[in-house]
Amino acid sequence: MAAAGYTPPHPVPFAIHTVCPAASVRIPVRAVMTAIAESVASDAVTKPAPRISFVSLGCPKALVDSERILTHLRAEGYELARRHDGADVVIVNTCGFLDSAKAESLSAIGEAMAENGRVIVTGCMGAQPEEIREKYPQLLAVTGPQAYESVVAAVHEAVPPAHDPFLDLIPPQGVKLTPRHYAYLKISEGCNNRCTFCIIPSLRGDLVSRPAADVLREAEKLVKAGVKELLVVSQDTSAYGVDTRYAASRWQDRDVRARFYDLSKELGELGAWVRLHYVYPYPHVDEVIPLMAEGKILPYLDMPLQHASPSVLKRMRRPGNQEKQLDRIRRWRETCPDLAIRSTFIVGFPGETDAEFEELVDWIKEAKLERVGCFEYEPVRGATANDIGVQVPPEVKAERKRRFMEAQSGVSLKLQRGKVGKRLQVIIDEAGPTVAKGRSKADAPEIDGSVHVSSRRPLRPGDIVTVKIERAEAYDLHGIAV
Ligand code: SF4
């Protein structure tokens with residue numbers, strides 16, 4: 001039943017209907033869109049391009065979404081069709097506010113399927129894809145509200161934009177600031193945690209995860225463009241999908257849930273190295289270790305633990321299960337003996353006692369982490385940690401950092417020496433005629449060590465070669481390409 005003041009709109013191809021049931025406001029914009037259609041139609045005579053038919057249902061917020069999608073597609077050279085049957089693809093932006101609105105959305109989808117058959121659904125109803133897919137299993141894609149990227153990506157997949165020498169100044173993988181052979185892949189924005197030393201959530205807001213299909217499409221594009229190593233990043237990678245309740249999205253012929261494990265597994269199928277960064281020790285992290293052991297993703301975890309003393313971790317309000325961490329690391333190594341763990345730690349956190357610091361040093365000696373960074377606590381303005389304990393004097397912080405790194409360098413050197421004589425896969429970052437610099441699977445770019453490679457044949461950046469390790473330093477390795 002419709003809400004008071006709610007006038008159900010009548011969808012027709014390429015008309016925009018907008019109704020806000022909550023505010024009982026009706027905003028007619030059909031005339032505006034007709035004007036756009038006419039200008040588009042005249043363009044079409046001189047410049048044929050893929051044609052989109054668009055139905056927009058719902059409130060003003062949905063209308064803005066429609067405008068954004070259309071603006072994006074128009075900027076890429078797509079044209080708007082007046083009728084479904086003349087279009088290359090139809091987009092239906094649905095409303096799911098009331099049952100009547102849902103029924104109307106389903107009927108608009110049905111109409112588009114009958115008249116065209118190549119249909120992409122987005123908007124509020126897209127948040128419950130099962131309901132839509134049950135009725136229309138042949139849909140090209142179903143994306144949720146505000147998922148502009150997904151809609152545009154689905155359109156690209158259904159009907160790629162026409163080549164335009166003026167628009168195609170940007171390569172398909174976008175503008176990248178990293179070397180061609182590796183790229184960062186951001187899977188979410190923001191963070192739901194409230195670590196007391198960090199102000200990122202107040203700057204970037206709560207966690208917003210990208211649909212898995214979006215991430216996978218971007219990753220696939222990168223791999224096709226020559227990227228050999230994907231570096232998965234976010235503020236809290238293992239929390240991926242919590243905000244969307246792990247919503248599934250359509251990737252190739254299947255639905256992929258926005259879950260840490262599912263995404264890692266799918267990324268592992270793309271044929272590139274996949275390296276996970278900013279993973280917190282939630283229990284479900286255990287699930288990805290077998291993927292590492294099987295060689296699907298790199299046996300590498302960047303896991304910023306920040307401290308090892310339970311009382312300091314409590315004051316830091318760190319996420320994840322920090323208890324019995326050593327046991328878990330031991331189990332992970334049993335499953336995947338090559339696992340390299342990188343972590344960062346903070347010394348001199350407000351109120352850190354000598355005893356708490358000693359706990360950290362003992363822990364680091366026992367954990368034997370491959371890669372470790374250490375920072376002295378900095379009282380960032382706005383961080384709640386500044387008010388929860390006595391500030392540690394700067395000279396004490398510096399001395400603790402020195403002692404911590406000294407303890408770790410002994411661990412690192414021993415682990416590195418254990419690699420002498422082994423054959424490791426190395427990705428080349430910089431190459432000369434007979435020497436090159438690269439990284440093993442245990443080394444992320446910029447933050448970890450390098451492998452210095454001598455080679456009889458010329459190597460190129462992005463080559464992945466087998467290197468026999470001949471010499472080790474605390475962070476770098478030296479070897480010969482075989
Ligand atoms: S998890 Fe990371 S980004 Fe989130 S609050 Fe903690 S330190 Fe900041």
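Biologist: Between which two helices is the loop that holds Arg317 found?
Modeller: This is a predicted model, in which local features need pLDDT of at least 70, side-chain atom pairs count only at pLDDT 80 or more, and totals for chains, interfaces and linings use all residues. Residues are numbered from 1 along each chain as its sequence is written. With helices (H or I, at least four residues) and strands (E, at least two) taken as DSSP runs numbered from the N terminus, the loop that holds Arg317 lies between helix H10 (310-316) and helix H11 (325-335).

Biologist: What is the phi of Arg317, roughly?
Modeller: Most residues other than glycine have a negative phi. Arg317 is not a glycine, yet its phi is positive, at about 55°.

Biologist: Is Arg317 buried, partly exposed or exposed?
Modeller: The classes rest on the number of other C-beta atoms, placed from the backbone, within 10 Å of a residue's own (buried at 20 or more, exposed at 12 or fewer, partly exposed in between). Because Arg317 has 15 C-beta neighbours inside 10 Å, it counts as partly exposed.

Biologist: Is Glu446 buried or exposed?
Modeller: Glu446, another residue other than glycine with a positive phi, near 75°, sits in the loop between strand E19 (435-440) and strand E20 (451-454). Since 9 other C-beta atoms lie within 10 Å of Glu446, the residue is exposed.

Biologist: Where does UniProt place the feature "binding site"?
Modeller: The positions come from an unreviewed UniProt entry; they follow the numbering used here, feature names are shortened, and annotations may be inferred rather than shown by experiment. Two of the positions, Cys191 and Cys198, are found in the loop between strand E9 (188-189) and helix H6 (200-204).

Biologist: Which residues is Cys191 in contact with, leaving aside neighbours within four places in sequence?
Modeller: Cys191 is buried because 22 other C-beta atoms lie within 10 Å, and Cys198 counts as buried with 21 such neighbours. Where contact means that the C-beta atoms of two residues, placed from the backbone, lie within 7 Å, the partners of Cys191 beyond its sequence neighbours are Ile200, Pro201, Arg204, Leu207, Gln235 and Asp236.

Biologist: How many nonpolar, polar and charged residues are in the shell around the ligand?
Modeller: The shell (C-beta atom, placed from the backbone, within 6 Å) includes Cys191, Asn193, Arg194, Cys195 and Cys198, together with Ile200, Pro201, Gln235, Asp236 and Pro319. Ala, Val, Leu, Ile, Met, Phe, Trp, Tyr, Cys and Pro count as nonpolar, Asp, Glu, Lys and Arg as charged, and the others, Gly among them, as polar. By class, the shell therefore holds six nonpolar, two polar and two charged residues.

Biologist: How far apart in space are Tyr182 and Val223, C-alpha to C-alpha?
Modeller: Tyr182 lies in strand E8 (residues 182-186) and is buried, with 23 other C-beta atoms within 10 Å. Not counting residues up to four places away in sequence, Tyr182 touches Val227, Lys228, Glu229, Leu231 and Pro445. Although Tyr182 and Val223 are 41 residues apart in sequence, their C-alpha separation is 9.1 Å.

Biologist: How far apart in space are Ala248 and Ala258, C-alpha to C-alpha?
Modeller: Ala248 lies in strand E12 and is buried, with 21 other C-beta atoms within 10 Å. Its contacts, leaving aside neighbours within four places in sequence, are Pro129, Asp255, Val256 and Arg257. Ala248 and Ala258 are ten residues apart in sequence, and their C-alpha separation is 6.0 Å.
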